[in-house]
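User: Hi! Could you walk me through this model with a few questions and answers?

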Amino acid sequence: MKHESQAFFDLALEEKNKFERSPGDTDGFGQLFVVSDEQKLDWADIFYLKTAPPYLRMPIFFKLPRSLREAIEEYAEEIKELTMKVLKMLGKAVGIKAEEVDNLFDKGMQSMRMNYYPPCPQPELVMGLSPHSDASALTILLQVNDTEGLQIRKNGIWIPIVPLPNAFIVNIGDAFEIFSNGIYRSIEHRSVVSSEKERISVATFQSPRLDGELGPASTVVTADNPPTFRKIGAAEFYRGFLTRELVGKSYVDTMRITTTEDV
Ligand SMILES: O=C(O)CCC(=O)C(=O)O
Ligand SMILES: [Fe+2]
């Protein structure tokens with residue numbers, strides 16, 4: 001996967017543009033989360049694909065160079081297994097039944113985002129990827145080379161994450177914050193760019209099934225622990241996410257129940 005993603009971004013621009021994202025689509029090569037001409041764009045090339053379940057794969061998926069497509073298929077399957085294991089362990093630790101995790105996430109949408117951050121001569125003037133939390137339940141992040149760039153926000157301070165060789169970075173996303181009724185918090189993160197070295201990462205997102213309903217798991221909601229998020233159809237949740245600019249954790253905040261009248 002590392003080799004294939006590097007090889008993709010090494011292609012000539014005209015080759016990559018054969019996979020260009022069309023306006024109105026999410027899948028393809030090009031920036032996402034662009035909502036106005038005035039917006040400052042992120043310093044990155046992005047290739048986004050829905051990978052599973054198979055019916056969600058778009059025509060672009062089948063046009064990929066064969067070695068890249070095969071690598072993605074194999075990688076997607078293994079990451080799915082790893083993700084489900086981690087989600088069930090996180091759930092178990094707070095009393096959520098494995099069955100409930102399976103029900104919402106096992107047939108969930110999986111998507112992949114390959115990020116290429118070219119070096120920038122004035123890196124302090126740009127952002128590789130604007131601050132955000134992922135809308136997924138869980139994200140498994142693969143650092144393709146050893147250039148640093150990811151930062152997480154902890155107590156208001158941006159902390160650099162140093163890639164460890166042969167290790168993934170695992171991030172909790174908004175959907176799991178909602179599902180765990182706020183026991184787990186999605187992590188706000190961003191990418192900065194280097195003045196000299198390119199950086200490549202591959203994020204794989206596991207999200208709820210699109211025909212499911214996203215809300216706090218019934219096994220964590222009790223009389224003493226009332227729901228702190230409202231329920232929303234998963235498809236509607238993702239439509240909302242993809243039509244906004246990325247701004248910190250502002251999207252998950254819109255799902256919070258803030259007054260008793262909302263319950
Ligand atoms: O490049 C990174 O390390 C972060 C990527 C990321 O946050 C994303 O694709 O959502
Ligand atoms: Fe992210």
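**Surface, fold and sheet**

Analyst: Happy to: the accessible surface of the protein chain is about 13,300 Å², and carbon and sulfur atoms hold 53% of that; areas come from the Shrake-Rupley method with a 1.4 Å probe, and for residues only the protein chains shown count as cover. This is a predicted model, where local features need pLDDT of at least 70, side-chain atom pairs count only at pLDDT 80 or more, and totals for chains, interfaces and linings use all residues. Residues are numbered from 1 along each chain as its sequence is written, chains are lettered from A and ligands numbered from 1 in the order written, and side-chain values use heavy atoms, leaving out hydrogens and water.

User: What percentage of the residues in the protein chain is buried?

Analyst: Buried means under 20% relative accessible area, with a 1.4 Å probe and protein chains only. Of the 263 residues in the protein chain, the buried share is 50%.

User: Which residue in β8 is the bridge partner of Ile-140?

Analyst: Strand β5 covers residues 138-143 and pairs with β8 in the antiparallel sense over 4 bridges. In β8, the bridge partner of Ile-140 is Val-170.

How values were computed:
Pairing = 2+ DSSP bridges. Helix = DSSP H or I, 4+ residues; strand = E, 2+ residues; numbered from the N terminus.
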